[in-house]
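Q: I'm new to this one. Can you walk me through how its pieces pack together?

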Amino acid sequence: QEVVQVGSEIILHICPFYVIFCMCEVFSGTLKGLGKSLTAFIITFIGILLIRIIWLYSAVLLTHNLTVLFMIYPVSWVITAAIYYVYLAIKKWDGMLDVTSESRVIEKIRGRFGKNKQPQK
């Protein structure tokens, strides 16, 4: 019964932040798709690994509280997502992250294969 209670407490603390973890994965995949795999690795290494080690050696050892230990995941996810967001916002990748450039590509495709036009054989 105690194990179920602890498991429920873990879920209560981690699940609301799981969306942020998904954002980290999307940001990481975006950088990898743009050919910046090393940058994605460095940001993930800092945000996930180093932040967790610092959290363990500071907050957990000072408080000896199980809830503080559970919060290691959401804290590292939030910090990692923030680092990714700032990096992508600063870089902008010459319009690759611009929504209008995507719509221009879609319009070009529609222009080539419009209703009145047949694809070239």
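This is a predicted model: local features need pLDDT of at least 70, side-chain atom pairs count only at pLDDT 80 or more; totals for chains, interfaces and linings use all residues.

Q: Which residues of H2 and H3 meet?

A: From H2, Ser28, Leu31 and Lys32. From H3, Ser37, Thr39, Ala40, Ile43 and Thr44.

Q: How many of the residues in that H2 and H3 contact are nonpolar, polar or charged?

A: Three are nonpolar, four are polar and one is charged.

Q: Let me step back. How many helices and strands does the protein have?

A: Six helices and zero strands. Along the sequence the pattern reads α-α-α-α-α-α.

Q: And how much of the protein is buried?

A: Of its 121 residues, 19% are buried.

Q: Is the crossing of H3 and H5 left-handed or right-handed?

A: H3 passes H5 in a right-handed crossing.

Q: Which residues make the contact?

A: On the H3 side they include Ile43, Ile46, Ile51, Arg52 and Trp55. On the H5 side, Ile72, Tyr73, Trp77, Ile83 and Tyr87 are among them. The whole H3 and H5 contact divides into 15 nonpolar residues, five polar and one charged.

Q: How do H2 and H5 pack?

A: Their axes are 9 Å apart, at an angle of about 35°. H2 covers residues 18–33. H2 passes H5 in a left-handed crossing.

Q: Who meets whom there?

A: Tyr18, Ile20, Phe21, Cys24, Phe27, Ser28 and Leu31 of H2 are in it. Their partners in H5 include Trp77, Val78, Ala81, Tyr84 and Leu88. That H2 and H5 contact has 13 nonpolar residues, two polar and no charged.

Q: What is the span of H5, first C-alpha to last?

A: H5 has 20 residues and reaches 29 Å. That is close to the 28 Å expected at 1.5 Å a residue.

Q: Which H5 residues are buried?

A: Ile72, Pro74, Ser76, Trp77, Thr80, Ala81, Tyr84 and Leu88.

Q: What covers the buried residues of H5?

A: The cover includes H1 (2–14), H2, H3 and H4 (66–70).

Q: New topic. Where is Phe70?

A: Phe70 sits in helix H4.

Q: Is Phe70 buried or exposed?

A: Phe70 is buried, because its relative accessible area is 7%, and the cut-off for buried is under 20%.

Q: What does Phe70 touch?

A: Leaving out residues up to four places away in sequence, Phe70 touches Val6, Glu9, Ile10, His13 and Ile14. Phe70 and Glu9 are 61 residues apart in sequence, yet 8.6 Å apart in space, C-alpha to C-alpha.

Q: Last one. What about the phi of His64?

A: His64 has a positive phi of about 55°, although it is not a glycine. Most residues other than glycine have a negative phi.

Q: Where is His64 found, and is it buried or exposed?

A: His64 lies in the loop between H3 and H4. His64 counts as exposed, at 66% relative accessibility.

Notes:
Residues are numbered from 1 along each chain as its sequence is written. Side-chain values use heavy atoms; hydrogens and water are left out. A crossing is left-handed if the near helix is turned anticlockwise from the far one by less than a right angle, and right-handed if clockwise. Helices (H or I, at least four residues) and strands (E, at least two) are DSSP runs, numbered from the N terminus. Contact means heavy atoms within 4.5 Å. Ala, Val, Leu, Ile, Met, Phe, Trp, Tyr, Cys and Pro count as nonpolar, Asp, Glu, Lys and Arg as charged, and the others, Gly among them, as polar. Axes are lines fitted to C-alpha atoms, for helices over the stretch in contact, and angles run from 0 to 180 degrees between N-to-C directions. The expected span of a helix is 1.5 Å times one less than its number of residues. Buried means under 20% relative accessible area, exposed over 50%, partly exposed in between (1.4 Å probe, protein chains only).
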